[in-house]
Amino acid sequence: MTNNKTILAWIDEMKALVNPDQVVWIDGSEEQLEELRKEAVESGEMIKLNQEKLPGCYYHRTAPNDVARVEDRTLICSRKEEDAGPTNHWKEPQEAYKMLYDIARGSYKGRTMYVIPYSMGPVGSSLAKIGVELTDSIYVVLNMSIMTRVGQKVMDVLGDSNDWVRGLHCKCDVDPEKRWICQFPEDNTIISVNSAYGGNVLLGKKCFALRIASYQAKNEGWMAEHMLILGVENPKGEVKYVCAAFPSACGKTNLAMMIPPEGYRAKGYKVWTVGDDIAWMRKGPDGRLYAINPENGFFGVAPGTSEKTNPNALAATRKNTIFTNVVLKPDGTVWWEGLDKNPPTDALNWKGEPWDPASGVPGAHPNSRFTSPAVNCPCISSEFENPQGVPISAIIFGGRRAKTAPLVYQSFSWAHGVYVGSAMASETTAAAAGAVGVVRRDPMAMRPFFGYNVGDYFAHWLEMGKKLGDKAPKIFNVNWFRTDDEGHFIWPGFGDNMRVLMWILKRCKGEAEAVETAIGYEPKPEDIDITGLDGVTVDTIKGLLDVDKELWLEDVKGVEELYAQIGDHVPAELHAEAAALRERLSK
């Protein structure tokens, strides 16, 4: 498939290490993938689902000890520990290679090595990057063929170049004590051993698209971010694009695939999904920031996905999808908690055991997944494959805050916006009404995914702002999760978040006024459209925009503690922004 000397030499070296019985190159053809599906069904690795109801869909179970990403066993192996920074686990590269090679040695004996050439981003796009993953798992091959663009065309574009990411995955014995997911940013290399769970083994996903790519982006002057990309089309057919970063459980996928409220739909407004998880962004020829979604599919959490919460995501799972660790129904279809109110009888749970819904034990694993092609999504953007990407008007940060953050505010400047992103946090909500748990700081929703020192990452953001100048996107913060004294959410959320997006887009076009507050620019309460919203008045909005100075001073203290933990890599500009915010709040 290729004469690329760097690829062939590396594969020879890996073959000598893991000792496969045979090597199969993945060419991306449907015939080859169909053969692999058949083989996976015969070996029991996959179960073919009801083809009338779920055409092209398959089911897979992981080992019960292997159901999620393992942050404590995810390492950044940079030559200097300081370059990994305080938020990452670090190991010296030579030591890490020795440990990994000792675990991987001979682990493919009796197995096939699959060589997957893949492109992150549209094949041939100047914003795309190429990787090669070696794996001994058909499940990985089939997932990668949904999540990325795979096959011969990728090799054709790469040619003789050495600009590609090496990825070795070895299932080994799926032993949690010897499970490691290691990124070597300076070597463009990822090695994953003793896992078969998606997030640890689909090496194009977080490993490449964020950890390795964030390091490449810093060196090459672009951005790799844990962000959705969506477009809002107005009745005239004009589309404006925004990127948004949210920590987990803050409604990221729902926003990416949002269905506008009825009133907006009637007028002709539409929302288009470009990406639900990751954005790669570069300065375009016209000086604006352009984004692509480097992925080709959705690796979504199943529980809670329903006709009510996210009809578009659910529609994406109806064909050519792989379901992992959900409930298997007797008719060869699937179910999970939150899908509907009719749990199946005579079904098997995610471990393959007979399951009784009345037992009170969930049938699907809380982190069970679906892997669906992006083209299945009813609201997928026509720009999804555009190699140039889409121009970004606004960057939105958000978290889950019961009392602190208002519904929406805009940063005073790019540098202030970087402060806002660095301060991102979510609260764990206790079951007791109104009781609020711990504040978890998650800068830019990237905490588990930095490929290098987080302080240097902040500096890179500031650098990008200078590079973009007055063409930089405006930066906003939203919070859908303000609660009343009984702990109930005040803002309806879901599709009604469109109402906040509309103010954001008007601000980007200079069409909406704002009120200057200590924390940033806020809308006038009457400028948030509440037409058709039951129980939400202008006074409700006024309350949602309220800034409690005491809570905010407490928050600045939390950010300063984070900066102290990061140490002297935090740029002086961010310390200045924190001090300026403290001063404005104290007035």
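Asn194 lies in the loop that joins strand E11 (189-193) to helix H7 (198-201); helices (H or I, at least four residues) and strands (E, at least two) are DSSP runs numbered from the N terminus. The model is predicted, with local features requiring pLDDT of at least 70 and side-chain atom pairs pLDDT 80 or more, while totals for chains, interfaces and linings use all residues. Residues are numbered from 1 along each chain as its sequence is written, and side-chain values use heavy atoms, without hydrogens and water.

Most residues other than glycine have a negative phi. Asn194, although not a glycine, has a positive phi of about 65°. Its relative accessible area is 1%, and Asn194 is therefore buried (under 20% relative accessible area, 1.4 Å probe, protein chains only). Cys172 also has a positive phi, near 50°. Cys172 is placed in the loop between strand E9 (164-170) and strand E10 (180-184) and is buried, at 10% relative accessible area.

Helix H13 comprises 15 residues (454-468) and reaches 21 Å from its first C-alpha to its last. Gly469, with a positive phi near 60°, follows H13.

Helix H12 (residues 414-422) packs against H13 at about 150°, the axes being 9 Å apart (lines fitted to C-alpha atoms over the stretch in contact, with angles from 0 to 180 degrees between N-to-C directions). H12 and H13 are therefore roughly antiparallel (angles over 145 degrees). Trp414, Ala415, Val418 and Ser422 of H12 meet Phe458, Trp461, Leu462, Gly465 and Leu468 of H13 (heavy atoms within 4.5 Å).

Methods
Expected span 1.5 Å × (residues − 1). Parallel < 35°, antiparallel > 145°, perpendicular 65-115°, else oblique. Buried < 20%, exposed > 50% of the residue type's maximum accessible area, 1.4 Å probe, protein only.
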